Amino acid sequence: MTKPTKILLSIAVTILLSCNSSQTKEFTISGKVTDFSGNPIDSVSIQLKDKTFKDIYTTLTDKNGNYVLKVKAGNYYSLYAIKKSDYRISKLEYWMWNVPVYKNLKINPQYDRIEIYGINVFEPQVTPQNSYMIYFRPMSLSKTLNIIKKQNINLDKFVKVKQAEILVKSKNLIDVSPLTISEKDLEIKVNNKNAQILKIQKIKEFSRDVFMYGYIVQIEKPEQENNKNLDYDKISIVLESPETGEKGKGETFVKLVK
């Protein structure tokens, strides 16, 4: 074997070993689950999921609301949190979307009676690139329970099956979102800094053979001193609806285009 060939082989082996090492590297996702008064919630199911919503990693919070997940490096579709005895009875769940695990992460879920589901974010193709368009589908537990009461649906059955499957009788429309959302009802943060809300629009979305309502919110990005060092923005949404007095939180990571 010639010397150049040996050098190339050595480089190839080094790259292969490096790739294998990065694929097997592990990090931790940890945090604390609380209500909106800061009280810890024990026995909350924390689930890290793939795009088919299959659970890849799961754990439960301890008596102080703390949890730790040790996971392989990679991009994960979502992180879900709910205490099973609460679900669709007294509370709806928390969702974090597009979870990039390439370092240790702190994620502190909060949940109550509004679920902020299906968060999607894009950056308008215009300069300066100082805004985000954020889509999400808010769902109220009170409005959901009112629908199943009107339809005489057994609550035990409702808890066990998918919402859209059992509410399809609602003239192909599941109206469980707040009737309106104003700037006063929303708190949106980017990397823990408050963002200015520029515009809110209500959208009718088709999903699972029924229509539901969602909202598109345009925000102005807050100034970030160390933004150049970030690979992702973390967007947090807290909604408190004056219509029902309910509250909820949802979050997502957004990969930065540099």
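Which residue stands opposite N194 in strand 12? Select K189 to find out: K189 is the residue that faces N194. Keep in mind throughout that this is a predicted model.

**Stop 1: the open sheet**

Strands of a sheet pair through backbone hydrogen bonds, either parallel or antiparallel.

Now widen the selection. Eight strands make up an open sheet, and their order is 3-2-5-6-16-15-11-12. The pairing in this sheet is mixed. Colour the two edges next. Strand 3 (55-60) is one edge and strand 12 (193-194) is the other. Each of these edge strands pairs on one side only.

**Stop 2: helix 2**

Select residues 141-150, which form helix 2. Which residues of helix 2 are buried? They are L141, K143, T144, I147 and I148. Look down the axis of helix 2: the buried residues fall within an arc of 165°, so they line one face of the helix. An α-helix has 3.6 residues a turn, so residues three or four places apart point the same way.

Turn to the other side of helix 2. K149 and K150 are exposed there.

Now check the ends. At the N-terminal end, S140 is the cap of helix 2. A side-chain oxygen of S140 lies 3.3 Å from the backbone nitrogen of S142. After helix 2 comes N152, and its phi is positive, near 55°.

**Stop 3: the aromatic rings**

The whole structure holds eleven aromatic pairs. Start with F53 and Y77. Their ring centres are 5.5 Å apart and their planes stand at 90°, so this pair is edge-to-face. The two residues are 24 residues apart and link distant parts of the chain. F53 sits in the loop between strand 2 (45-49) and strand 3, while Y77 is in strand 5, residues 74-82. F53 is partly exposed at 31% relative accessibility. Y77 is partly exposed too, at 30%.

Move to Y57 and Y76. This pair is also edge-to-face, with 6.1 Å centre to centre and 70° between the planes. Y57 lies in strand 3 and Y76 in strand 5, 19 residues apart. Is Y76 buried or exposed? Y76 is buried, because its relative accessible area is 12%, and buried means under 20%.

Then select F53, Y77, Y80, W95, W97 and Y117 together. These six residues form one aromatic cluster.

**Stop 4: lysines over rings**

K49 lies over the face of the Y80 ring, 5.1 Å from its centre. For another lysine over a ring, go to Y132. K221 lies over the face of Y132, at 4.4 Å from the ring centre.

**Stop 5: salt bridges**

How many salt bridges are there? The count comes to eight. Side chains of opposite charge can pair when their charged atoms come close. Visit three of them.

Begin with E26 and K70. Their closest N and O atoms are 3.8 Å apart. E26 is in strand 1 (residues 26-32) and K70 in strand 4 (residues 66-72), so the pair ties together parts 44 residues apart in sequence. E26 is partly exposed, at 40% relative accessible area. K70 counts as exposed, at 55%.

Next, show E246 and R113. The closest N and O atoms of this salt bridge are 3.0 Å apart. E246 is in strand 16 (residues 246-255), and R113 is in the loop between strand 7 (105-106) and strand 8 (114-122), so the pair ties together parts 133 residues apart in sequence. E246 is buried, with a relative accessible area of 2%. R113 is partly exposed, at 23%.

Finish with E205 and R137. Their side chains meet in a salt bridge at 2.7 Å, N to O. The pair links distant parts of the chain, 68 residues apart: E205 lies in strand 13 (residues 196-207) and R137 in strand 9 (residues 131-140). E205 counts as buried at 19% relative accessibility. R137 counts as buried at 9%.

Methods. Residues are numbered from 1 along each chain as its sequence is written. This is a predicted model: local features need pLDDT of at least 70, side-chain atom pairs count only at pLDDT 80 or more; totals for chains, interfaces and linings use all residues. Side-chain values use heavy atoms; hydrogens and water are left out. Two strands pair if DSSP finds at least two bridges between them. Helices (H or I, at least four residues) and strands (E, at least two) are DSSP runs, numbered from the N terminus. Buried means under 20% relative accessible area, exposed over 50%, partly exposed in between (1.4 Å probe, protein chains only). The arc is that of the directions from the helix axis to the C-beta atoms. A polar contact is a pair of N or O atoms within 3.5 Å; within protein, one must be able to donate a hydrogen and the other to accept it, and residues adjacent in sequence count only if both atoms are side-chain atoms. Rings of Phe, Tyr and Trp (its six-membered ring) pair if their centres lie within 6.5 Å; planes under 30 degrees apart count as stacked, over 60 as edge-to-face and the rest as tilted. A charge sits over a ring if NZ of Lys or CZ of Arg is within 6 Å of the ring centre and within 35 degrees of the ring normal. A salt bridge is a side-chain nitrogen of Lys or Arg within 4 Å of a carboxyl oxygen of Asp or Glu.
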